[in-house]
Amino acid sequence: MKLTKLTALAATTALCAPMAMAADMANEMTIVSWGGAYQESQLKAYVVPYQEMHPDLKVIWDESSAEATAKMRAMTEAGNVTWDLVDVVASDAMRMCDEGLAAELDHDEVLAAAPDGTPASEDFGELIVSDCFVPQIVYSTTFGYRMDKVGDTPPSSICDIFDTAKYPGKRALQKRPIDNVEWALYCDGVAKDEIYDVLSTDEGVERALTKLDSIKDQVVWWTAGAETPQLLADGEVVMGSTFNGRLFSAIAEQNQPIDMLWDMQSFDLDGWIVPADLPEDRKARVMDFLKFATDTQRLADQAKFISYGPARASSAPLVGKHAILGIDMAPHMPTDPANAGNVHVYDYEWWADNRDDLDAKFQAWLAK
């Protein structure tokens, strides 16, 4: 069949469209993440295969996710946002969305559907907690401990972190109120389902900080997830909180004498936000990468390198063995029934509404 001039033009335009789009995409992208084993898993699962398709692309890493909200505020105020894609916890994504720092997204329009055609919004489901947030992983903050420094009775309860008589030695805690104040109240006798009601009062905050006072002089404060595994490996702390995937890396990949305490592990979500008002060429690149990096296979691939559960329902059946060690990854996930007997379900909305106030009170308490 002969092509008419019109259909020939249409065919030529269709063929040229991806090339034109590629030409309009920036060849440099700054990704903000958390460093360590987690960032390495992103590099292997997302960035390396994407760069194989786009060899001219230069990716710059910035390990500032812990300070993402403050830095985004400062860059936006200065009119100089240098970040292109930012990995954040869900509550920070909600804050940045509310403040207009992050772009709102139509998830079904910009993200890949599941292999069976299920729209992205259904595949991610309730994990899309903000119009600006693209979920990536389900993880937990929990505790690791040195097996050779806890005697014959290893810690079995989250409240053992407050028992310096039974378990003497330094503890590592993240330098922020999140998780610490919840654990403190729980170990001071507050029921799990009442923690946020208590924290909503000045007296409740003071109660949590008073409980933390009992171990304050034994705490090493950390800001990067890689710090606690290193502190444990070096024997500088007897136990410490960090992200479960970091502990998995230290235990399974590095054979450190560390074990995990899953009691009252704090479930959380982590994912991407796109800064608002990016130049069109940078935005085109980011959206192209985001669609690739959050499809069903890519999220399952990340679980080959670190023990975080993929945020898509369609990815879960594809989670198999560790890419290098060949061990089954499912038992190392925070959602495994053997690990999830007593969990703390993080309240994203509460923290989005109260984070600035609690941060100020926590920093004032630290300075005392």
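How many disulfides does the count come to? For this predicted model, the count comes to two disulfides, and bonded cysteines, numbered along the chain, pair up as 1-2, 3-4.

View 1. The torsion about the S-S bond comes out at 65 degrees, making the link right-handed.

**View 2. The C159–C187 disulfide is a left-handed link.** Its sulfur atoms are 2.2 Å apart, with -95 degrees about the S-S bond. C159 belongs to the loop between β4 and β5 (171–174) and C187 to helix α7 (residues 180–187), so the bond ties together parts 28 residues apart in sequence. C159 is partly exposed at 25% relative accessible area, whereas C187 counts as buried at 14%.

**View 3. Helix α2 has a bend at L43.** The bend is about 40 degrees. With 18 residues (36–53) at 1.5 Å a residue, α2 should span 26 Å, and its end C-alpha atoms are 25 Å apart, which agrees. Buried residues of α2 include Y38, Q42, A45, Y46 and Y50.

**View 4. R146 is a buried arginine in strand β4.** That strand covers residues 134–146. R146 has 9% relative accessibility, under the 20% cut-off, so it counts as buried. Its side chain makes a polar contact with the side chain of D148 at 2.7 Å. Beyond its neighbours within four places in sequence, R146 is in contact with residues including L232, D234, V238 and P257.

Note on methods: Residues numbered from 1 in each chain as written. Predicted model: local features only at pLDDT ≥ 70, side-chain atom pairs only at ≥ 80, totals over all residues. Heavy atoms only, no water. Helix = DSSP H or I, 4+ residues; strand = E, 2+ residues; numbered from the N terminus. Buried < 20%, exposed > 50% of the residue type's maximum accessible area, 1.4 Å probe, protein only. Polar contact = N/O pair within 3.5 Å; in protein donor to acceptor, adjacent residues only side chain to side chain. Contact = heavy atoms within 4.5 Å. Expected span 1.5 Å × (residues − 1). Bend = angle between axes of the 7 residues up to and from the residue. Disulfide = S-S within 2.5 Å.
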